[in-house]
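These are my notes on a first look through this structure. I set down what I looked up, one topic at a time.

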Amino acid sequence: MEELITSLTKASQEMGFHLSDRQLQLFQQYYDCVLQGNQKFNLTAITEPLEVAVKHFIDSLTCLAAVNFPAGARVLDVGTGAGFPGLPLKIYRPDLDVTLMDSLKKRIIFLNETLASLGLTGIRAIHDRAEDFGRRAEHRETYDFVVSRAVARLAVLAEYCLPCVKINGYFISQKGPEIEEEVQEAGKAIMTLGGQLAEVKKMKLPLIQDGRSLVIIKKIQSTPKTYPRKAGTPAKKPIL
């Protein structure tokens, strides 16, 4: 138990995040839920305390280094998996209104159990496909920030995420260190879907020094109604 807390405290201080005792306790509970859920749902290959603290929890929080998240901002996490980055963002910033979305029902079952166990409000888990979710009126162009962590190549991911971003909001894609080719490849998709590349921020995760990139895309105009295309099409025929 102490190893996760120690690693998380050190790593968060190095990144300039201050975690309260209550937040550290919630992260510990979340870690316990992931370990337990992993036996049933096969959620993540990363289970060592140091690696979970840095590669899952702190990595999730790096979104906050991309742009300023105003108080009460609406955040959507597309392809959330075991809850990254959306759930750590909620623990660190309880004021955020967070929606976790994933296409695998078993992950949503795990997330609902975890949210109940952590006693968090202002956060929900929804089972849906990104292509269908982005066409639903209640979700289309309603989120201040849409975040996603290494779900697909950027050209595909843009079609999943940008339809849900409101104008002047941001889509933040968390990627590995080598991103230049992918960003270039996604140029047409970003523009077609109403986005504009704002910045690519490079950083290294504390303690382990793994490289990361944050691709920050601003929504500057409405996404055409034809997007996202039907399920499976963006991945098979990306906008290139």
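**Entry 1: a parallel pair.** I began with strand 4 (residues 143-149), which pairs with strand 5 in the parallel sense over 6 bridges. The model is a predicted one, and I read each entry with that in mind. I then asked which residue of strand 5 is the bridge partner of Y143. I found that V165 takes that place.

Entry 2: Together with helix 7 (residues 154-161), strand 4 and strand 5 make a β-α-β unit, and I noted its hand as right-handed.

**Entry 3: an antiparallel pair.** I turned to strand 7 (residues 211-219), which runs antiparallel to strand 5 and is joined to it by 6 bridges. Here I looked up Y170, whose bridge partner in strand 7 is K218.

**Entry 4: burial of strand 5.** How many of the 11 residues of strand 5 are buried? I recorded 8 in the stretch 165-175, so strand 5 is largely enclosed by the rest of the structure. I counted a residue as buried when its relative accessible area is under 20%.

**Entry 5: helix 3.** I then examined helix 3 (residues 49-61), whose 13 residues reach 17 Å from first C-alpha to last, close to the expected 18 Å. Because 11 of its 13 residues are buried, helix 3 is largely enclosed by the rest of the structure. Among the buried residues I listed P49, V52, K55, H56, F57 and D59.

**Entry 6: what helix 3 packs against.** I finally looked up the packing of the buried residues of helix 3. Their partners are helix 1 (2-15), helix 2 (21-41) and helix 4 (86-92), together with strand 4, strand 5 and strand 7.

Key
Residues are numbered from 1 along each chain as its sequence is written. This is a predicted model: local features need pLDDT of at least 70, side-chain atom pairs count only at pLDDT 80 or more; totals for chains, interfaces and linings use all residues. Side-chain values use heavy atoms; hydrogens and water are left out. Buried means under 20% relative accessible area, exposed over 50%, partly exposed in between (1.4 Å probe, protein chains only). Helices (H or I, at least four residues) and strands (E, at least two) are DSSP runs, numbered from the N terminus. Two strands pair if DSSP finds at least two bridges between them. A crossover is right-handed if, with the strands pointing away from the viewer, the path from the first strand over the helix to the second runs clockwise. The expected span of a helix is 1.5 Å times one less than its number of residues. Contact means heavy atoms within 4.5 Å.
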